[in-house]
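Got the viewer open and ready to click around? Let's take a short tour, one selection at a time.

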Amino acid sequence: MGKVRIIAVTNQKGGVGKSTTVINLSACLAEAGKKVLAIDVDQQGNTTSGLGLDKNGMEQTIYNVFLNEIGIEDIRHKTVVDGLEVIPANISLTGAEIELIGKENREFVLKEELAKIKDEYDFILIDCPPSLNLITVNALIAADTVLVPIQCEYFALEGLEQLLYTINLVKKRLNPELAIEGIVFTMYDARTNLSMQVVEEVKRSLGNTVYRSIIPRNVRLGEAPSHGLPIHLYDPKSKGTESYRLLAEEVMDKEWN
Ligand SMILES: Nc1ncnc2c1ncn2[C@@H]1O[C@H](COP(=O)(O)OP(=O)(O)OP(=O)(O)O)[C@@H](O)[C@H]1O
Ligand SMILES: [Mg+2]
């Protein structure tokens, strides 16, 4: 097994496809034979439920890890996908930020916990909340790279500058090795000029970090989470499956040292 790659999937804009990408990219990487861990650090728990776990029934979640009540190695759950495990989150995480006030090294909790288990995996994907809070900073410090989903819509670029600024700040002060994994376009609608314009505009400013695979708007991708299944098990023949498999290939092909 080569070196693990820890990817934070982040964008402080809400509803751009972060969780959908973590669920389905993780699943497609595992389908390709990789050992994968998906970590939910969003109180909405969408990755948790989207991978088939009963988030509200969970007694121990990433919240307890942040408070040092339990080790991360003890809250890993198997999923319906062979080779894919998940660390759950739910609404309990809401209070964590406040409870961490005053704690020494509070930005480094996730990194320190992951050090114990990361070598068991090829890929670790972290689903971030839609904000640039302390939990997101924990993810950016624990990560090797950042993957940014961008929804192909009018306000897509709004906030991107702030996000890149934050990433650079973390890089300068706290995690010098942090790199941009790539930008992935989501909910692309080939029928609209707008989708094409957004793609062109982002490519102009961020060219080489943009993935060739583009995730289309696909009804099946929206339905799958309510069945607790990743797209390749919910509808193997869908456009959504095809696009996330292609993205997984691109991610696997990209070499980092
Ligand atoms: N490619 C797609 N085609 C159709 N629906 C999609 C697609 N990607 C995501 N969705 C749907 O859009 C909504 C938002 O997606 P998702 O939850 O992945 O975004 P998010 O960035 O994680 O949101 P949040 O910021 O709230 O965590 C969900 O209902 C999801 O099922
Ligand atoms: Mg989400």
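## Stop one: the ligand

Select ligand 1 and the residues around it: sorted by class, that shell holds 6 nonpolar, 8 polar and 4 charged residues. Here Ala, Val, Leu, Ile, Met, Phe, Trp, Tyr, Cys and Pro count as nonpolar, Asp, Glu, Lys and Arg as charged, and the others, Gly among them, as polar.

Before you go on, a word on what you are looking at. This is a predicted model, in which local features need pLDDT of at least 70 and side-chain atom pairs count only at pLDDT 80 or more, while totals for chains, interfaces and linings use all residues. Residues are numbered from 1 along each chain as its sequence is written, chains are lettered from A and ligands numbered from 1 in the order in which they are written, and side-chain values use heavy atoms, with hydrogens and water left out.

Which residues come nearest to ligand 1? Of the 18 around it, they are Lys18, Ser19, Thr20, Pro216 and Asn218; to be near, a residue needs a heavy atom within 4 Å.

Now show some polar contacts (pairs of N or O atoms within 3.5 Å; within protein, one must be able to donate a hydrogen and the other to accept it, and residues adjacent in sequence count only if both atoms are side-chain atoms).
- An oxygen of ligand 1 sits 3.0 Å from a polar backbone atom of Gly17.
- At Ser19, a polar backbone atom is 2.8 Å from an oxygen of the ligand.
- At Pro216, a polar backbone atom is 2.8 Å from a nitrogen of the ligand.

On its own, ligand 1 exposes 620 Å², and the protein buries 80% of that (areas by the Shrake-Rupley method with a 1.4 Å probe; for residues, only the protein chains shown count as cover).

## Stop two: helix α1

The largest share of the ligand's shell, 3 residues, comes from α1, so color that helix next (helices are DSSP runs of H or I, at least four residues; strands are runs of E, at least two; both are numbered from the N terminus). From first C-alpha to last, its 14 residues reach 20 Å, close to the 20 Å expected at 1.5 Å a residue (1.5 Å times one less than the number of residues).

Why is α1 described as largely enclosed by the rest of the structure? Because 12 of its 14 residues are buried (under 20% relative accessible area; exposed is over 50%, partly exposed in between, with a 1.4 Å probe and protein chains only). Among them are Val22, Ile23, Leu25 and Leu29. Just after α1, click Gly33, which takes a positive phi of about 100 degrees.

## Stop three: helix α11

Jump to residues 239-253, helix α11. Its buried residues include Tyr244, Leu247 and Val251, and the buried set packs against several elements, including α1 (18-31), β1 (5-9) and β5 (123-127), where contact means heavy atoms within 4.5 Å.

## Stop four: two loop residues

Asn90 lies in the loop between β4 (84-87) and α4 (96-99). Is Asn90 buried or exposed? It is buried, with a relative accessible area of 6%. The Asn90 side chain reaches the backbone oxygen of Lys55 at 2.9 Å.

Finish with Ala156, in the loop between β6 (145-151) and α7 (160-173). Ala156 is buried too, at 5% relative accessibility. Leaving aside neighbours within four places in sequence, Ala156 is in contact with Lys13, Ile150, Gln151 and Val198.
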